[in-house]
Amino acid sequence: MSLVEKVRGVLTSTDGRIDAQELVQRLESLSKFLRLVDPYLPDADLVAAHTLVERAGTRLALSRDHTVVALAGSTGSGKSSLFNALARLKLSPVGVRRPTTGAAHACVWGPLEPANQLLDWVGVLPRQRFIRESALDGDDEVALRGLVLLDLPDFDSIERSHRLEVDRLLGLVDEVIWVVDPQKYGDRILHQAYLSQFSTHAGVTIVVLNQADRLSTHDTEVVLGDLRRLLEEDGLSGAPVLATSAKQPGMLAELRETLEKTVADRQAALRRLAGDLESVSEPLTTMIGPPAAEDEVDRATVRQLTEALAASAGVGAVADAAAGSYRHRAAAATGWPVLRGLGRLRPDPLRRLHLGAKPKTDSVSTDIVPRTSLPEADAAQKSAIGLSVRAVAGRAAAPLPPVWASALTNASRSRLGDLPDALDRAIAKTDVGADRTPLWWRGVGLLQWLFVAAAVAGLGWLIIGYGIRMLALPELHYPKLGQAPLPTLLLLGGLVAGVLLWLLLKPLVEWGARRARHRAEQQLRAGVTDVAREYVVAPVREVLNAYAQAREALTTVRSE
Amino acid sequence: MTTHGDAVGPSAISAVDSAAQEPEGSDEKGLTSTVSADAGDNSDPTEAVVSRQSHRDPEDEAPTEAAEPVAESDPETKIELPDDVAEEPAASENPAVTESSSDSEAVPEETKRTPEEAKPDPEPEPTAEIEADPEPEAVESVVEPEAAVEPEAAVEPEAAVEPEAVAEPEPAPAPVPVEPPPAVGRLATALSNLRAAIGGANYPLIMPSAEEARRIGASLVAQLDDYLLPRLARLDAPLLVVVGGSTGAGKSTLVNSLVRAPVSTAGVLRPTTRSPVLVSNASDLQWFRQGQLLPGLVRTPESSADPRTLQIVSAPVLGAGLAFLDAPDIDSVVEGNRKLAAQLLAAADLWLFVTTAARYADNVPWELLTTARLRGTVIALVLDRVPPEAAAEITNHLREMLAARNLGAAPLFVLPETTLDGQGLIAEDVIGPLHDWFKQLAADSSARSAVVRQTLDGALGALVPAVAGLADAADDQAVAARALDERITIAYRNARQTVVEGLRDGRLLRGEVLARWQEFVGTGEFMKTLENRIGQLRDKVISAVTGRPLPGRNLQTALESQLVTLLRGVATDAAEQAYAAWQAHPAGAALLEPSLQRPSEGLPQSADRLVRDWQQWVLGLVREQSSEKRVIARGAAYAVNGAGLAVMIAVFTSTAFIPTGLEVAVGAGTTVAAQKVLEAIFGDQAIRGLANRAREDLLFRVGELLDAEAARYTERTAATGLDTAPAMDLRRAAAEVEDARAELALTGSAT
């Protein structure tokens, strides 16, 4: 009979069987999920999941051949009587004083040893453990081998410690038999604090209406119907509901059969954990919403941030200085040599900012970047940075559940303190073209000198000619180019050409300066963008990345 | 069937009478207790019960010692009866009792007995009993002496009233037959004031104490309406016994059995009773129908499923002056039952608490019992459905538990698990002791009055600490509201400070603004602008040709955008800080909504508006000044626009003009130039004055803007309308009630 039962049990439940490997995988995913979100989400929301991961790990490591079944119920519902009746021994004290049972009792069918570890973990005192294995029994109890039956204290008496003990034990057992009686089956505490909390555990829940012998058959049916209705309201419509009586052994047969099936299945522990997983992961789904691409921080937001950072880093001023520097150096290189010296009286604008002077890189201090002389950001610029950093976090948080908002805000600000220095460093390292000397400057410079030389030569020639004339020496005959004498041409031409060249090149220099400005600005912005990405966007992306992975992990957890 | 007798602990009820005779009775009230033991287990019950009882079995009329019935082991005996208030001679430890009882003892003893003797036998036909009971003469005779003896002047008139109301079965008496004594009127006024004060206090902020206070406040108001006010108006109204307890304890069956009629439905489904049923003698129906008591419940003549109805049934078996109310359970899944039961219990003159052998250690009912004890409600207990073999053990255990919770004085009746008769009633011999106890109570108007007064006094006495709790909660609310406002104030004060700093150190002028300023002055355009309009025209031509905006306008735009950015920044920071500060406070967290995390939607616009308004104001100021300084300006075709702009800049620079480092390099010269130009026009002192005024005006405007932002939070606390008045009102009203109660001295003791 028991064998038949066993086979039938296995056959009938194949569809509902839970694969241990799959469960373990789901639990691992949960553990991964927790690792990922732990730094970002409030702990209070994750406590239950942490507890489950830890408990499931322990439970699965312990004997899976045993099924821990607890008898739970109100005081006076007859848990201990039922316990004794199922064990067919008087193991747990029964009494009329309420509450009777103060500590959990356990009865193990089969050898004690492997179950002992389980009971150690569950926390049943050694002296309250009993073995239901005796040669005298013959094979009567074989079908229940592997059953560890617990008799729990009550949860509704004035002894508060009982309730705490029950709450602890209910978290650890594999299957729960709720013992109710005709007087108490409608109690609020039973339904509200317990049964409705087990709505995801219908597979490992049995509800028995004990003391059914006190009711007439008709009344029993009525009460059972009412009880089923209440259980449905609790979300436990799938759980079997049986009428039992410890006084009439016949009324226990059904419960016993159910237990035998459960024990033979070896599924209760897995079902329990699967149910726990279900109920624990349910609230976690509110923390995970639609997928969020990692590049959720869009270009527009980053551009706004870069803009603000660039303003505070003085990119505009540096770019202007680069243009000024270009003009300055162009003047120095291509200006009319006669007046060139005047320009040197003014400093190079870039140097004024302590930029552009590449320090000689020696092998020892290659990494040292000197601080620039740029002014510190003012209040408005700081505000602008604050606003745009917020915008980055806000934009990233938009598609995510609200619980992530603060994690993203914190991440976006995590390196805010380092920003000024990083920006300054980026500016200082950027090549703003302070050393660049275009080739044409040299040509023009050479030309200018040539013009000057020509003018000087012409002047000298004229002076010599004048001197000779003064000395009344034979007059020099200046070679003539057309009507004009060559020295005069040289002198005037040199001077005029130099000035003309200077003037003619002015627009070119101006154009070059604008290009230099543009180029410097580009380079600086690139540097600033890198800083923005590294110091603001990257931490945000890290969170988004964790979110994406957590989402994936949770999908695995929730896959059934 | 065997029955157990009930052991009646010294009960509050019998306080008056039994105190005298019961020296060892632990109970302060001095009550007699009676024990009836079942034949089977009579051996031990005596020890647990301190019982001595006046055994008033009609069979043997003389009061007997408690030991007697026990020893007799007469299966029939069960009863014991409490007490007769007037008759017990006694040297009681309670001074109040002494006062009233000592004088009266001789006379009433005899008179009182009259009704008892009238009873035919221990198990009388219900009808017979009733007929005997309400005899007006008998009752009156009992009461009269008491009234005569009553030392308390205040109470006297009431006592006189009693017999009329109680004793006259037939006509519906006028609600207030006699002018109540002034003390009662004062108390009623005080209670009305208290009710108004409780109703006036609300606890809008979510706080640990608020939820509790709301609940207690509501239940106090309900109790005042349902019970205290109507009861005080009619101290002589019938005694209401509310039968309450756990689901499935057999309350309905008990009520049915007590009145020997199936008035309330009993059944196996839990919970069975959902709407309360009130059973009284026909003569008292009128009072209950009037609806002064429990005004919130709709009276119906027949059974109804609606929990807001009160079914009123008359039962001939029940003596006048006593009514039973079958309340719904206190612990089933039906939430409404619990609330209704609590409300009904608060309206009880006497709470008959029903529990069972399986339930007596349940936590929920014990919490209610403790509440009832603290409130001074007179309690009697029925331990129902006791397996006969376990009666002794359970009874003893329950008694221990009662004693441990200061409830040892309450009478306890033990009913065995029994089969019901055809009508679903408990056999009369089983319920006999309880039945007789109530019969006695019904017959004895002074005992009833004592019960009523004790419960009423207890309820009144319990008002004061409860109201003190409410007042504390109201204080908590006010304190919390202030704390919340304070947090907001701090957040926005910081914001304002940031703006002040930003303006003070002139840093707003650096960067782009400074560069443009340099451009503006450095190109000489400023000077030209000052010199003549041609310069202006040229600027316009240049700007038209090059597409560049006018330098002056450019500078203005930069200044505006920087100020707006600064304001937006500080407002955002402040909103965030305020949000975080509130979130850390439980009451604050409840008031928050996501939009409060950010500054208000319209902030950019209003900041923009602010800056433009300010600029407008500054222009006006400069125009005003410039007209005075025209001489100094020496007829220069002077552009108010440019000068206004310059003044704005001076606002930032004049106070922090300490040329340093880069400033020297980039802007110092130009700043000096600007300063000089303006000084030349307006004079140094005038510039400073202008700058300061402009700065102050700007800060004033910023302050207004930030106040408007802060108001988004503070209006939420303000909307709660909290001030300290409710707490003070509550305390004052409670003190008044306490004074009036002391003056009235319901239980005869001034304390």
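In chain A of this predicted model, helix H2 passes helix H19 in a left-handed crossing, a term that applies if the near helix is turned anticlockwise from the far one by less than a right angle. The two helices, residues 20–37 and residues 486–558, pack at an angle of about 160°, with their axes 8 Å apart, which makes H2(A) roughly antiparallel to H19(A), a label for angles over 145 degrees. Axes are lines fitted to C-alpha atoms, for helices over the stretch in contact, and angles run from 0 to 180 degrees between N-to-C directions. Helices (H or I, at least four residues) and strands (E, at least two) are DSSP runs, numbered from the N terminus.

Residues are numbered from 1 along each chain as its sequence is written, and chains are lettered from A in the order in which they are written. Local features need pLDDT of at least 70 and side-chain atom pairs pLDDT 80 or more, whereas totals for chains, interfaces and linings use all residues.

Between the chains, 43 residues of chain A are in contact with 43 residues of chain B, contact being C-beta atoms, placed from the backbone, within 7 Å. H15(A) gives the most to the chain A side, with 9 residues.

Chain B holds an open sheet of 8 strands with mixed pairing, in the order E3-E4-E2-E5-E1-E6-E7-E8, where pairing requires at least two DSSP bridges.

| Helix | Strands | Angle |
|---|---|---|
| H13(B), residues 335–346 | E1(B), E5(B), E6(B) | about 150° with E1(B) |
| H16(B), residues 428–443 | E5(B), E7(B), E8(B) | about 145° to E8(B) |

Terms used
Contact = placed C-beta atoms within 7 Å. Parallel < 35°, antiparallel > 145°, perpendicular 65-115°, else oblique.
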